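Hi everyone, thanks for coming. Let me walk you through a structure that may be new to you.

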Amino acid sequence: MTIRTLGMTRFRITVTFSGWCPRDDHPLGLPLQVVWYFAGKESNVETQSMCVHIRWMIRRDMPSVLAIENSCFEFAWSEDDFIRCLRQRNCIGMVAEQDNEVVGFMIYELHKNRLHILNFAVHPEHRRTGVGQSMVDKLLGKLSHERRNRIMLEVRETNLEAQLFFKSIGFRAISVLRDFYDDTIEDAYLMQYRYQPSAEELAQPHNRISKLAG
Ligand SMILES: CC(C)(COP(=O)(O)OP(=O)(O)OC[C@H]1O[C@@H](n2cnc3c(N)ncnc32)[C@H](O)[C@@H]1OP(=O)(O)O)[C@@H](O)C(=O)NCCC(=O)NCCS
């Protein structure tokens, strides 16, 4: 077990292999090659001005992901860092593609009541075109009133661009994490997005059985 501070966040690594696409997030629990096919079919985010295709990260994306990581962060994750992280059962990698080129990625964890973003970047040449928003939209679509109802992440206090980006989507800073990083003396802001249930959802009676089981 090791604790490391990797660019955005600090997390504990336990090495147990479970593949790149945790079963929890995939309805079929399929092997990677098959997931590659279905992921492309399943997750398609398109906008009028450009086409962003969001899919699960696979091993052959690693050179592009590392190139983006190194172009974005002073204290970048290494390939080993990515692999160790993605081997966790609850850790998921997604990439954004434009014209078959990987232009962004996100690594996040599934927890019982929340999603936690560990690493997230868009290639500098592809920013301000909605790529980051498309990836976060994908996560927002996984939230619900009953189960995972928030997304959290730590942002460096000096990373104003990311703070503005997340604020524009509806995230709010909820606390300051003092001396959070090992690599610099800066603090982190803990940012959170809370799912807003519709009036219909609020009006629905609670499922008492799932509450008891949960
Ligand atoms: C943060 C980041 C992922 C945003 O990605 P992006 O693809 O450029 O974001 P989008 O184009 O989807 O932006 C959506 C909205 O967020 C806001 N926004 C994004 N970047 C912004 C910036 N630099 N300044 C102010 N607002 C910004 C804007 O409101 C933007 O809409 P607009 O372009 O129509 O004005 C990207 O800047 C990045 O990779 N930064 C370096 C890595 C990093 O800091 N990662 C996050 C660590 S916590």
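**Around the ligand**

Let's begin with the ligand: 20 residues surround it, and the closest are Arg-127, Gly-132, Gln-133, Glu-161 and Ser-168. The elements that contribute two or more residues to this shell are S7, H4, strand S8 (150-156) and helix H5 (160-169). Which of them gives the most? That is H5, with five residues in the shell. If we sort the shell by class, we get 11 nonpolar residues, six polar ones and three charged ones. Please keep in mind, as we go on, that this is a predicted model.

Now let's move to His-123. You'll find His-123 in the loop that runs between strand S7 (114-122) and helix H4 (131-140). Is His-123 buried, exposed or partly exposed? His-123 has 19 other C-beta atoms within 10 Å, and being buried takes 20 or more, so His-123 counts as partly exposed. Which residues does His-123 touch, if we leave aside neighbours within four places in sequence? His-123 is in contact with Ile-68, Ser-71, Val-103 and Gly-104. Have a look at Cys-72 as well: 51 residues separate Cys-72 from His-123 in sequence, yet their C-alpha atoms are 7.3 Å apart in space.

My last stop is helix H3, residues 79-86, where Phe-82, Cys-85 and Leu-86 are buried. These three sit on the same side of H3, because they cover an arc of only 90 degrees around the axis.

Key
Residues numbered from 1 in each chain as written. Predicted model: local features only at pLDDT ≥ 70, side-chain atom pairs only at ≥ 80, totals over all residues. Helix = DSSP H or I, 4+ residues; strand = E, 2+ residues; numbered from the N terminus. Buried ≥ 20, exposed ≤ 12 C-beta atoms within 10 Å, placed from the backbone. Contact = placed C-beta atoms within 7 Å. Arc of directions from axis to C-beta. Near = placed C-beta within 6 Å. Nonpolar A, V, L, I, M, F, W, Y, C, P; charged D, E, K, R; others polar.
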